Amino acid sequence: MKRYNGKLLNKALAIAVTASLVLSLTPAAAIAGFSGEGQRDVPSFTDSSAADDETRPEPSGAAASGSGDAAQGDAASSSENAQPGASSSGAQAEGSQEAPSGASPGDASASSGGSGAAPEERPLSDLTKLDLVEVDPVSREDLVDMLSSDPACAPRSLLSEKDAAAAAFPSELDGSKIEQISVHWITPDTTEDGDDSRLSLVPGNDDKFPVRMRLNMALSGEHDYEAGDIQVTVPKSMFKTRDGKATGPLSLSVPEAPDSRALFNYTDMGDYYLLANTRKLSAATSAMFEFTAKDLVPHTIVDGVRADNEPGYDKAYASAPFEGTVQVTTHLGNTISMSSNKIDCTIDTTEKVTGAHKEATMLSEEWPSSWPAELKPENDQDYIYVDWYTYAWISGNQAFDMKVEENASTDRSPGTVLLGYRDSSSGTLYAAGDSDRTEQTLQTGAYVSPGTAFGGHAYVAYPKANFQVNNTYKLDNKVKYTLTSADDGTVTEASATAETTYSPVAFQVPGGFYAIEKRGDGSSTKYVDGDVEGIYGYALNQLRNGEDVDLSYRISSHAFTMHATKDPAGDEDDPGSYNKKTVNLKLVDDETRFNFADECLSAADFRFKSVQVDKPSMLVYKKFSQSGFGYTGNSSSSTNIQAGSYGYVYDNDPASIPVLYVYGKTETGDWARYASLDWTGGGLNAVAENGASVSSSTVSFPEGVVDYKIELSTNRDGIVLSAKPTMTLKATDAVRAQVEELYADSAQPTTKASNKATLTASGEDGAEYGQMSSVGRDRLDGASLAVRQTKEASYESDPGERCVNIHYRTTVYEQSNLTDMASYDQAIGAGAIKAENEGTFYDLLPHGGRAHSRFRESPRRRYRHGRPDDRELQGQRPHAARGEGEALAIPQVSDHPRRRRPFRLLR
């Protein structure tokens, strides 16, 4: 047989030792074998082109001339050291450890294969006798020559896929045997396909997901396996994205080398993982490994199920196969190997458009300045314009193409022109010229998350010659979306049609309406039965302690007065007949009550402290040349008013604002004027009278005022008047007695304080045009505290220790019925409540758990359910779930974070 000379053999050995050092493998696992008593023989390197009549020696035969006793002694020694029964590798542990991906593909451990005698080579009895220092470096050319001329004797991990197949190592030799190696899926099929080797998945969304697989192997024989003798290789990834990049990083159930706490560890070899035993294992060994391909995203992977009978879609896509190969170095240094079955995976994704929406967002009788200037027609004054907005609903997890077809043609309005279409997401503008329709491709082979998408604006012009005043016209528009899924070629469509009304008028008679709304106001508010209440979380604590409480409210009123300013002799259809008469408005705030009493509070128990009057907003009645928000004059709520119609809008001219007069009265006195507020000059000119004071636009009343009012006169189209009054509820004996009754009935008492605001409109002759009232309420609570404990756990596996680490978090919440943190801090500062700053936990650990002797406490404020009123004292302690018995942990927590040993274990 052809053999390598001693120099080249030493070079090969040097390579093997170097590779083993890089991978933290023992040199004994990398070198083929040793001779001598208790040592392995070095096999001869046979040429892969040897004559057919050359045969391998039987496993029971002598490895070399004159070494039969040594070989027999070695076998006997192995038998004595072998375990009496099969042993499990214990490679599987709960959880998984993700492998890093930065290793170089060139790193590899090597083992030699082949068998036969080598009488012309001097046996090596000890690793130290290899004179590696004097061996010449091996060039890449030498390595390539060695691999190409005799792959069977080259380091196994350096073989190419082709060379590995050519080597054709046996599965049984030298008294060692690979019984079996197999892989199968742990993750179940979404849809049953009758093929156990293929995982068929149909994900229902585009969320990341994992797949899990398991590798089982079993060895038998007469000789134990040293560390590094058993090597298993698996591919590093089996999934690729649409652009050919690897995806789904593989996690393994064993630690990464050089961690040797487990029976096996792994090494990243670039394109695959190499798993090797870290300690001596018995001749009869079985092992099981689990792998997880993580973070797979459906739309990034080509669909595995193609549409039937669709040209170009007749091939199904599957992942790369997953398989394992085990390679074992026998006690004589020979190699046996076996590969598993192959498994793969298909992912069936879908994509479709499920609906479309169309609406008119704007109608204008003149060219809209916000539209793209390049679309403006030369005779722009001859058209009215409508902005039609559209979008689609999409669903699925596959890349797709999307087209939109916009159709502005309608029998209702001949001569309609689609000026252009703008895609909202990309901003691309498609000009349609003089056409009434357009079809555009919005995207190709891309993916968009499910929901609403592909919004766009169709800019449409309608000839004014088609419309006459005092008539109503219906305008419509149509859109169709066409989606083609990129992988299976499925086509879905969705269409929508919308209408809008155009009613051009010469003039509309203005409506007349009066409205007022009073709401509670505080540091926080709450909707109750359609009203807004101000919340005063510890007001009853203050009253109980003899402290007065200030309560505020908000008032907003609308007066559409244009109809009342018409000249009695004028024509209501003539705009010139209006703004000829004056309307008087009066806002009165009175009838203050506490604790649901039927009778109003007296001057002894409360007073109005102040009122902040906002600058009034004036309204003007006009024709809308472009649709927009305004008031119809029949409601205090704004609405969309179409072009060609009339409505009320805000007028920013301060000269139109009337002077406001603020009055007040005591319980027994008459109305007295306390201030005048004048904004007609642009700024505020405020004058205080009769012992009142004015700061900005806030009028502060003298002691004893129990009612106030604001008066004004105007001949303008309308006015919006707002104010914020503040009253003081006094902690009198009568009030405190009611508070004590509330505390006697509940540990968390609550009640309300209210007053009423009334808006009255009248004419110059005193005739009343309208009157509206509204009651505002504030809620007064008694603050209280309680505690609540929660407990949660998380875990992580430790493959090296073969255990699970459980992290417990026990949290005690200090809870209050206060609804905001500001009130909580104020209540603490005022002494209404006292914070809990320390406590003791009693924590019974799970059976078999062992507590680590460290504890971390971190008191902090925490927001829960939108309520920043919980104060959290939190402790964290990790446990290692192993050992026996139960333990009671007793940590003590204070408001000063620090590390300590705060508990003892009671057995």
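Leaving aside its neighbours within four places in sequence, with which residues is Val 649 in contact?

**View 1. Surroundings of Val 649 in the predicted model.** Val 649 is in contact (heavy atoms within 4.5 Å) with Met 618, Leu 619, Val 620, Lys 622, Phe 624 and Phe 629, once its neighbours within four places in sequence are left aside. The residue belongs to strand 35 (residues 646-651), where strands are DSSP runs of E with at least two residues, helices are runs of H or I with at least four, and both are numbered from the N terminus. Val 649 counts as buried because its relative accessibility is 17%, buried meaning under 20% relative accessible area, exposed over 50% and partly exposed in between, with a 1.4 Å probe and protein chains only. Between Val 649 and Phe 624, which are 25 residues apart in sequence, the C-alpha to C-alpha distance is 9.6 Å.

This is a predicted model, in which local features need pLDDT of at least 70 and side-chain atom pairs count only at pLDDT 80 or more, whereas totals for chains, interfaces and linings use all residues. Residues are numbered from 1 along each chain as its sequence is written, and side-chain values use heavy atoms, with hydrogens and water left out.

**View 2. Lysines over tyrosine rings.** A charge sits over a ring if NZ of Lys or CZ of Arg is within 6 Å of the ring centre and within 35 degrees of the ring normal. Lys 518 lies over the face of Tyr 553 at 4.9 Å from the ring centre, while the charged end of Lys 709 is placed over the ring of Tyr 663, 5.1 Å from its centre.

**View 3. The largest nonpolar core and Ile 710.** A nonpolar core is a set of buried Ala, Val, Leu, Ile, Met, Phe, Trp, Tyr and Cys residues joined through side-chain atoms within 4.5 Å. The largest has 52 residues, of which Leu 543, Val 613, Val 662, Phe 701, Ile 710 and Leu 780 touch the most other members. Apart from this core lies another, of 41 residues, including Leu 215, Tyr 273, Phe 322 and Ile 347. Beyond its neighbours within four places in sequence, Ile 710 has contacts that include Leu 585, Leu 587, Val 613, Tyr 661 and Leu 721.

View 4. The peptide bond from Ala 257 to Pro 258 is cis, with omega near 10°, and Pro 258 is found in the loop between strand 10 (250-252) and strand 11 (264-268). Asn 579, a residue other than glycine, has a positive phi near 65° and counts as partly exposed at 30% relative accessibility. Ser 696, also not a glycine, has a positive phi of about 60°, and at 61% relative accessibility Ser 696 counts as exposed.
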